Protein chains: 2
Amino acid sequence: MNIVIIGAAGMVGRKLTSALVASGTLAGKQIDGLTLVDVIEPEMPRAPELNITTRAIDIADPSVAETLIAERPDVIFHLAAIVSGEAELDFEKGYAINLDGTRYLFEAIRQAGKSEPYCPRFVFTSSIAVFGAPFPDKIGDEFFQTPRTSYGTQKAIGELLLADYSRRGFLDGVGIRLPTICIRPGKPNKAASGFFSSILREPLVGLEAVLPVSEDARHWHASPRAAVGFLIHAAEMDTTVLGARRSLNMPGLSATVGEQIEALRRVAGDKAVALIRREPDAMTAEMVEGWAKDFDASRALALGFRAEASFDEIIAIHIKDELGGELLK
Amino acid sequence: MNIVIIGAAGMVGRKLTSALVASGTLAGKQIDGLTLVDVIEPEMPRAPELNITTRAIDIADPSVAETLIAERPDVIFHLAAIVSGEAELDFEKGYAINLDGTRYLFEAIRQAGKSEPYCPRFVFTSSIAVFGAPFPDKIGDEFFQTPRTSYGTQKAIGELLLADYSRRGFLDGVGIRLPTICIRPGKPNKAASGFFSSILREPLVGLEAVLPVSEDARHWHASPRAAVGFLIHAAEMDTTVLGARRSLNMPGLSATVGEQIEALRRVAGDKAVALIRREPDAMTAEMVEGWAKDFDASRALALGFRAEASFDEIIAIHIKDELGGELLK
């Protein structure tokens, strides 16, 4: 079993790499080779028993995809993307990487299948940004895709191509629409959604965090650990049950900021909660208002995808995976 | 007012050209120039008072779009496409024309807007092929796009790009998802949907026609005259009411083959109906079973798009527009 992870240097890519290295198997088969690529060279994991290659590449370069596919990997995880904010600021870069880069990969696979049969599992990370307001209270599995960002447009197009290339038998695609990942480890970043993580992450280690929206703002979350679980399940699942509909809303947890804060209070007390500073920001509040708040992810649940059921659980995962298992007192 | 029609040599393109030439105006403005392009040079209409240009071009050629946009037309009708059957047989050709050709047009418009502001009305003909079975009884305005053909995939991608380029202010797009056009004039063609037209068109002039499906097969229809009406309304309408959702299911008539035949009987008698020869074909029946049967096109109706209410009306339009106004006895 040979695996390629495109976008391996990102937060989810690194966690997926660790999980694969730790297990040594995927879909019940021994992992023989693992190729980790990203626009910056991914870190080489310590795993002498595995044949691991790391490469710095730019998927917007039309000649790169062929080299990634040359060794005919069995499973390709495609996590690489220009994120929402940057794709909005740099129209051409977003399309070059998120649309053209993805299409080059699909095309390289199709071309590789011309000489001898080849149909790898292709796990495509899509996003709930394929949906655009106004929404129903819960977005169902048959709600239409009307993205309100170029990033969401590029992801929705990737999903359509994934489905058509799968239907044609060129590849065996699964698209997973990730919830917002919470608690995202590391430093605060500039993503407009960053506060959902930072209002928990920072107070858990005694630092202040800024809350730019009201406590009744509702959003759709899953932990980094759940995201890795989605990816692995998408690589291992029986895809014959998907039919022509290859992209799925992942399960998650719909919660208000107020519910996040109450979970923080239960785990870390009033002192932690007191570190959240209210700094209402109208622009952020308006953006958040336009994002999906809740899903009925019945189809993914029936297919075996699992997420957390409470923010207590999401915080506990963060403490276990990122803080060495316990809070400093 | 300068207009470009891409795909002007096709059946709908020719009827749109005739309608524009006859009216001499669009959106209340005098038509000054009309450029008719297609992969074969469109016929020059007799209209000495209009400045009409005809050109044979291939929109899959990346250098062509810029020349079409060079004179900064006010309205662009994009009707050109590799049809469903051919896009399925020739994967590369379908993507080259239906996806890349369309994207080159959008990009040429965006580039033209860099030197001085430019935001033309862009009317994009999409298709109900963006939907894939299983369907609800009536497909509503928020049903998701899961095409089951490469053609439908390419049209759905065109819609997403149209919406994103519109949102960004590069163009002012309206996508219209046409029903099956019935009665399509001319000779029987090889489209699997061709029998919906030929079982009426041929008997109306005393010729035999073949019916490959059962009489309870249901489908979604509009006349060629309605299609031209949709295009002109899409060019003239106020688009501020569309918001981010730029593509619309056009209204139409949901009817069974049996209802078509009864309308034929009312208009042309038992003798005409007797010319329909039943030749059941399992493959055609299965394809038709996978097509959309009925829509709730509330949004387009509210926005002023209009189609026929009965097959009697559709047949009457064919007799008026194609057969000189009356049936030969």
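Before you click anything, know that the model is predicted: local features need pLDDT of at least 70, side-chain atom pairs count only at pLDDT 80 or more, and totals for chains, interfaces and linings use all residues. Residues are numbered from 1 along each chain as its sequence is written, chains are lettered from A and ligands numbered from 1 in the order in which they are written, and side-chain values use heavy atoms, with hydrogens and water left out.

**Stop 1: where A meets B**

Now select Arg168(B) and Glu88(A): their side chains form a salt bridge at 3.7 Å, N to O. The term stands for a side-chain nitrogen of Lys or Arg within 4 Å of a carboxyl oxygen of Asp or Glu. Between chain A and chain B, the count is ten salt bridges.

Helices here are DSSP runs (H or I, at least four residues), numbered from the N terminus.

**Stop 2: the largest cavity**

How many cavities of 30 Å³ or more does the structure hold? There are two. On a 1 Å grid over the protein atoms alone, a cavity is a set of points where a 1.4 Å probe fits but cannot get out, and lining residues have an atom within 4 Å of a point. A volume is the space filled by probe spheres set on the points, which are joined across faces, edges and corners.

The largest cavity has about 50 Å³ of space. Select its lining residues, including Lys15(B), Cys182(B), Arg225(B) and His318(B). Then highlight α11(B), which gives the most to this lining, with five residues.

**Stop 3: the second largest cavity**

Finally, select Pro147(A), Thr153(A), Ala163(B), Asp164(B), Arg167(B) and Ala244(B), which line the second largest cavity. Its volume is about 30 Å³. Helix α5 (residues 150–167) of chain B supplies the largest share of this lining, three residues.

Terms used:
1 Å grid on protein atoms, 1.4 Å probe; cavity = no way out; pocket = protein on both sides within 12 Å on 5 of 7 lines; lining within 4 Å. Helix = DSSP H or I, 4+ residues; strand = E, 2+ residues; numbered from the N terminus.
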